[in-house]
Amino acid sequence: MTLHTDWRHIPANARGTVAALGNFDGVHLGHAHLLQTLKTAQPDQSLSVVTFDPHPRELFRPQDPPFRLMLPDVRAEALAEHGVEHVFQIPFDTEFSHLSAEEFVRDVLIGALGVSHVACGADFAFGHRRGGDIACLESILKSHGIGLTIVPQLSDVGGPLASSRIRRLLQEGYPERAAAELGRPWAITGKVVKGDQRGRLLGFPTANIPLTQHIEPARGVYAVRVTLPDGRVIPGVANIGRRPTINDGRESRLEAHLFDFDEDLYGQTLSVALVALLREEKRFSGLDELKAQIAQDAAQARAVLAA
């Protein structure tokens, strides 16, 4: 897979692809359905995705809390697992947001990327103030001899499968249900930073990872599996929240304790997959009570992960 971040300078060998359009946040089963449908319709062409970074919502509503299911580099890796050969990650800035619907199709999709066929969901909107819809897209593409595949959303008894639905599941504390819709456990990926060493003093050293742009799931203690840079997967227990017993700060963080593990992880990028929510975040009367609860949490996490 090749990641392209400058749409104005696309090499010749990346042109002529069949392209799926969208934000693809989470790369969930609905996205996989879209990509598979396009591959089936155009089996002899290289598969690409046209997406954006930052997410348009971040540009237009910067006051909103972080909401991403995955960061851009993780998204590109997940798309590659579905057979995507080229990811065109377009920088979504103020200038780009002012492109009209026709300019987006004519100048970007056709002129810059040279797409040979396009696929998207039925609700895809594009161009300045989302002025372009499916009928507009089909009309412009057709005038240039390019086909369009409109893929209905994948649905189940709960309705259409969507990134927004998965976000709600995580915020409500249902990582298992989110995993079923993603096709894999949801994970927070980030670099380990130095904390206050309090976990080590309590007998449970932790790897501290800022949430950065990730959505904040339900605060509490989780059974987790941590993937290291070398591919090893280590079971553990993690807390997500503001640590009300020892820290009343306003910034939530992820603190993961890896079972039977004693290596230096500072500066390394880990992927922490949430398997199950064990309990909600709560305040304890003191460090002794907190330490006893952490031991119970660790024992429960081991049992859940061994099941």
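**Packing of strands and helices in a predicted model**

Thr 189 touches Leu 71, Val 74, His 214, Thr 269, Leu 270 and Ser 271, leaving aside residues up to four places away in sequence; contact means heavy atoms within 4.5 Å. The structure is a predicted model, in which local features need pLDDT of at least 70 and side-chain atom pairs count only at pLDDT 80 or more, while totals for chains, interfaces and linings use all residues. Residues are numbered from 1 along each chain as its sequence is written, and side-chain values use heavy atoms, with hydrogens and water left out.

Thr 189 lies in strand β9 (residues 187–191). Helices (H or I, at least four residues) and strands (E, at least two) are DSSP runs, numbered from the N terminus. With a relative accessible area of 14%, Thr 189 is buried, a term that denotes under 20% relative accessible area (1.4 Å probe, protein chains only).

Strand β2 (18–21) is covered on both faces: Val 18 and Ala 20 are buried on one side, and Ala 19 and Leu 21 on the other. Strands β2 and β3 run parallel and are joined by 4 bridges; two strands pair if DSSP finds at least two bridges between them. Within this pairing, Leu 21 stands opposite Val 50 of β3. Strand β2 also runs parallel to strand β5 (residues 117–121), to which 3 bridges join it, and Ala 20 has Ala 119 as its bridge partner in β5. Together, β2, helix α1 (residues 29–41) and β3 form a right-handed β-α-β unit. A crossover is right-handed if, with the strands pointing away from the viewer, the path from the first strand over the helix to the second runs clockwise.

Helix α5 (residues 101–112) contains the buried residues Ala 101, Phe 104, Val 105, Val 108, Leu 109, Ile 110 and Ala 112. The elements that cover them include β2, β3 (47–53), β4 (86–91), α4 (94–97) and α6 (134–143). Just after α5, Gly 114 takes a positive phi of about 60°.

The axes of helix α7 (residues 163–171) and helix α8 (residues 175–182) come within 8 Å and cross at roughly 160°. Helix α7 is therefore roughly antiparallel to α8, the term for angles over 145 degrees. These axes are lines fitted to C-alpha atoms over the stretch in contact, and angles run from 0 to 180 degrees between N-to-C directions. The contact involves Arg 165, Ile 166, Leu 169 and Leu 170 of α7, together with Pro 175, Arg 177, Ala 178, Glu 181 and Leu 182 of α8.

How values were computed. Buried means under 20% relative accessible area, exposed over 50%, partly exposed in between (1.4 Å probe, protein chains only). Angles under 35 degrees count as roughly parallel, over 145 as roughly antiparallel, 65 to 115 as roughly perpendicular and the rest as oblique.
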